[in-house]
Amino acid sequence: MTTGSGERLWEGDVNEAAVEEWVDETTAFDRVRTVAETTSDPQSASEVADRARVSEPTARKYLESLLEAGLVTAVSTGNGTRYVRSPQSLAVDRIASIHREHTRDEIGSAIERFRDELAALRDTYGVADADALVDRLDADETGWQDVHRWRETEERLAVARAALALYDFDPDDTRTAVTRLAYAGHADGDRGAFASGTDESTTGNDESTA
């Protein structure tokens with residue numbers, strides 16, 4: 001197909017072109033790691049290989065390396081071993097995100113807010129923790145949403161405490177003022193980085209799908 005001026009329009013698949021560019025600009029290890037880092041559900045080595053555009057033996061080799069480094073967790077299933085990002089890796093990213101988006105005082109304020117929320121739940125139900133609330137609730141009783149909120153707030157409190165404890169630990173000096181300013185506009189003002197967590201690449205493609 002050509003335009004009125006005679007210029008030929010590109011008729012390829014945009015998505016496939018983007019994948020080809022990704023393969024050209026990254027190594028097989030980078031792609032396996034990227035897939036592992038963006039996988040929320042356990043996946044087999046063959047599934048990771050397909051997404052990373054590498055052979056299954058290559059995916060399996062690099063997944064084992066990521067497993068040894070603590071970046072992924074292996075899950076045994078009836079259909080073989082599956083891999084998913086480790087909770088420790090997710091926690092590290094959440095803490096790094098909190099450091100980029102929040103000052104020390106903001107983290108301290110968030111800790112106080114989470115403590116107050118947990119105290120209010122204890123007062124409301126007259127129990128010490130979410131497990132005790134589960135024991136008290138009947139299947140058809142209201143309050144199950146608060147069980148979820150209770151556990152979620154406990155997790156946020158634990159992450160915020162870890163972020164505060166590690167606030168001055170920056171061996172790579174990556175938490176610079178420029179970085180803080182760059183991310184300042186992305187905090188949502190409510191939970192911000194406390195709500196969730198999430199790279200890099202090197203050039204030099206060394207393998208495509210076998």
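In what follows, a residue is buried when its relative accessible area is under 20%, exposed when it is over 50%, and partly exposed in between (1.4 Å probe, protein chains only). This is a predicted model, in which local features need pLDDT of at least 70 and side-chain atom pairs count only at pLDDT 80 or more, while totals for chains, interfaces and linings use all residues. Residues are numbered from 1 along each chain as its sequence is written, and side-chain values use heavy atoms, with hydrogens and water left out. Welcome to a protein with 9 helices and 2 strands.

**Overall layout**
- Helices (H or I, at least four residues) and strands (E, at least two) are DSSP runs, numbered from the N terminus.
- Read from the N terminus, the order of elements is α-α-α-α-β-β-α-α-α-α-α.
- Of the 210 residues in the protein, 31% are buried.
- The accessible surface is about 12,900 Å², with 49% of it belonging to carbon and sulfur atoms; such areas come from the Shrake-Rupley method with a 1.4 Å probe, and for residues only the protein chains shown count as cover.

**The strand pair**
- Strand 1 (residues 72-77) and strand 2 (residues 80-85) run antiparallel and are joined by 6 bridges; two strands pair if DSSP finds at least two bridges between them.
- A hairpin of 2 residues links strand 1 to strand 2.
- Thr73 has Val84 in strand 2 as its bridge partner.

**A backbone feature to look at**
- Arg53 sits in the loop between helix 3 (45-52) and helix 4 (56-68).
- Most residues other than glycine have a negative phi.
- Arg53, which is not a glycine, has a positive phi of about 60 degrees.
- Arg53 is partly exposed, at a relative accessible area of 25%.

- Among the buried residues of helix 8 are Asp146, Trp150, Arg156 and Ala160.
- The buried residues of helix 8 pack against helix 5 (87-101), helix 6 (104-125) and helix 7 (130-136).
- Gly108 belongs to helix 6 and is partly exposed, with a relative accessible area of 24%.
- The C-alpha atoms of Gly108 and Ala160 are 8.0 Å from each other, although the two are 52 residues apart along the chain.

**Nonpolar cores**
- A nonpolar core is a set of buried Ala, Val, Leu, Ile, Met, Phe, Trp, Tyr and Cys residues joined through side-chain atoms within 4.5 Å.
- The largest nonpolar core has 20 residues, and Ile107, Tyr125, Leu133 and Trp150 have the most contacts inside it.
- Helix 5, helix 6, helix 7 and helix 8 each give two or more residues to this core, and helix 6 supplies the largest share, 7 residues.
- Another core lies apart from it, with 15 residues, including Ala45, Ala52, Tyr62 and Tyr83.
- Beyond its neighbours within four places in sequence, Tyr125 is in contact with Leu133, Arg136, Gly143, Asp146 and Trp150, where contact means heavy atoms within 4.5 Å.

**Confidence**
- pLDDT, the predictor's confidence in each residue from 0 to 100, averages 79 over the protein, and 74% of the residues score at least 70.
- Confidence is highest in helix 6, at a mean of 95, and lowest in helix 9 (residues 177-184), at 42.
- Over residues 174-190 pLDDT stays under 50, and the model has 19 contacts beyond four places in sequence for them.
- Residues 196-210 also stay under 50, with 43 such contacts.
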